[in-house]
Amino acid sequence: MMTHTDAVLVVGEIVVDYTLAQHGAMCKLRLGGVVHAARGLWAAELEYSVAAFCPRYLVDEAKRYLTECGCKEFIWLGDVVGAPNVILIGDVTEVSHQGYEDLMRDTKVVKFHDPLPRLNGYQKILVFPGKFDINVLASAFSEEARFSFDIAYDLDDLSALEAFKERVQAVIISTSSSLFMKLGKDDIEGLLDAVRTVSPTVLLLKENRGGSRLFDLRDGVVEEIPATLGHTVNSVGVGDVYSAVMVGLSHKGWTQAAWRGCQAATAYSQSTFPDDIKRDMQRGFRLSLDVLQALGGTTLPWHDRQSYSIYLAGPDFSYVEKQELDRAADGLTYHNFRVRRPIIANGELKRPASESDLQRTYHMDCQLLKECDTVFAIPLDRDPGTLVEIGMAIEMGKPVITYDPRHENENTMVVVGSSVYSANLDACLNGTFNAIAGLRAKSR
């Protein structure tokens, strides 16, 4: 068999991504799963092939599309039966849980082809685990093959990688992964200890808007790679592109490869049109590594976020329609921020409230505000208490992020006094990351 020394073989499932229509945005249908990684490798002008599991009805379309995206070889590893492999996506910007729904996932079965196609011509393998037994794949590769694993949702235990021990180059995991929540949510050492059992060269921890950390497990060096925060058009598949480009460029050294992977992921998040993604990615790649690193960005590791408190200012009362406030609070919590809600910390006043209760609550809320590092304000219905808290925080010199989803507070003092003022929750989350990353940088 012909060998593909430099080509990446991407292994995993092909699915159909269907993004549900949102206010101001139409629904979108596109091939997903490992096809995201393929688009990224094509845009990065890296040689690759795909070995995939998918339902029979997708095979011809996937083969045609991937060929147009520069795929050197398409290998159909097995069929998916009992489910269409369609993913419904509720939130493409990932301000909180994205609301993925894998249709008919409980009846889904992956059936390997027998005999399994030989894959021994490839030496650089990137596997996205799915609803298939990855150990079955081990025998299909040559002894020279080296593996990287991007672990998202379908691997609950790293012992599943035992068959690849001593052949693993990179383990890649995201803070949105269920495995990360199990092993590393509270302490990075727990994750590192678990990853070391499969003896990889590096661990990449993708930390969403807070950037990423590359752990070199040979010498203990940790590289912080900042995120470049901008308008997120679609975050689906962005992490897959990061992984694919990093593995594709690993021959240039893991540090440079990770920085370029992050660059590629940023370009992928800002469009869903492949030609635009490729143009922007190639423009970015013209920057030298030194210049890219000097540009900086937002660095706020997952485990540092709990060190800073966010005062949630808003009419957080049981009798108020406050869906926007609840969604903002959920988003901040999803990203591991320490959110202090006065209504929870100090209780909700009875109506009508006595003078002594008013005094007591006022002083407790003021004290909580002083203790917090920043303020996330949602002044629904021009809530006077929230506007007062915004003013107090500005006077205290605290960063204030004002989320005004109903466009009710477009006032000079609020708009200019806030570090970020927007009706867009995505922009306000970016502002929160930037504000607290700034506080972290000052404290170091």
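**Patch, salt bridges and a helix pair**

Mentor: Start with Val 291, whose place is in helix H9, residues 289-295. Keep in mind that this is a predicted model.

Trainee: Is Val 291 buried, partly exposed or exposed?

Mentor: Val 291 has a relative accessible area of 40%. Buried means under 20% and exposed means over 50%, so a value in between counts as partly exposed.

Trainee: Which residues make a nonpolar surface patch with Val 291?

Mentor: Leu 287 and Leu 295 make the patch together with Val 291, and its area is about 250 Å².

Trainee: Changing topic. How many salt bridges does the structure hold?

Mentor: There are 24 salt bridges. One of them is between the side chains of Glu 101 and Arg 105, at 3.1 Å from N to O.

Trainee: How exposed are those two?

Mentor: Both fall in the partly exposed class: Arg 105 has a relative accessible area of 42%, and Glu 101 has 38%.

Trainee: What does Asp 304 form a salt bridge with?

Mentor: Asp 304 pairs with Arg 440, and their closest N and O atoms are 2.6 Å apart. This pair links distant parts of the chain, as the two residues are 136 residues apart. Asp 304 is in the loop between H9 and strand E14 (309-313), while Arg 440 is in helix H15 (residues 425-443).

Trainee: And which of these counts as buried?

Mentor: Arg 440 does, because its relative accessibility is 7% and the buried class is under 20%. Asp 304 is at 26%, so it counts as partly exposed.

Trainee: Where are Glu 324 and Arg 406, the other pair that links distant parts of the chain?

Mentor: Glu 324 and Arg 406 form a salt bridge with the closest N and O atoms 2.9 Å apart. Glu 324 lies in helix H10 (residues 323-334), and Arg 406 lies in the loop between strand E17 (400-403) and helix H14 (412-417), 82 residues apart. Arg 406 counts as partly exposed, at 27% relative accessibility.

Trainee: Which residues do salt bridges with shared partners join into one network?

Mentor: Glu 224, Asp 304, Arg 440 and Arg 444.

Trainee: Last topic, helices. At what angle do H6 and H7 pack?

Mentor: The angle is about 145°, and the axes of H6 (residues 238-248) and H7 (residues 254-269) are 7 Å apart. Their crossing is right-handed.

Trainee: Which residues meet there?

Mentor: On the H6 side they include Val 238, Val 241 and Tyr 242. On the H7 side, Trp 254, Ala 257 and Tyr 268 are among them.

Key. Residues numbered from 1 in each chain as written. Predicted model: local features only at pLDDT ≥ 70, side-chain atom pairs only at ≥ 80, totals over all residues. Heavy atoms only, no water. Patch = residues over 30% accessible without salt bridge, like charges linked within 9 Å, V, L, I, M, F, W, Y side chains within 5 Å. Areas by Shrake-Rupley, 256 points an atom, 1.4 Å probe, with all protein chains shown as cover. Salt bridge = Lys/Arg side-chain N within 4 Å of Asp/Glu carboxyl O. Helix = DSSP H or I, 4+ residues; strand = E, 2+ residues; numbered from the N terminus. Buried < 20%, exposed > 50% of the residue type's maximum accessible area, 1.4 Å probe, protein only. Axes fitted to C-alpha atoms, helices over the stretch in contact; angles between N-to-C directions. Left-handed = near helix turned anticlockwise from the far one by under 90°. Contact = heavy atoms within 4.5 Å.
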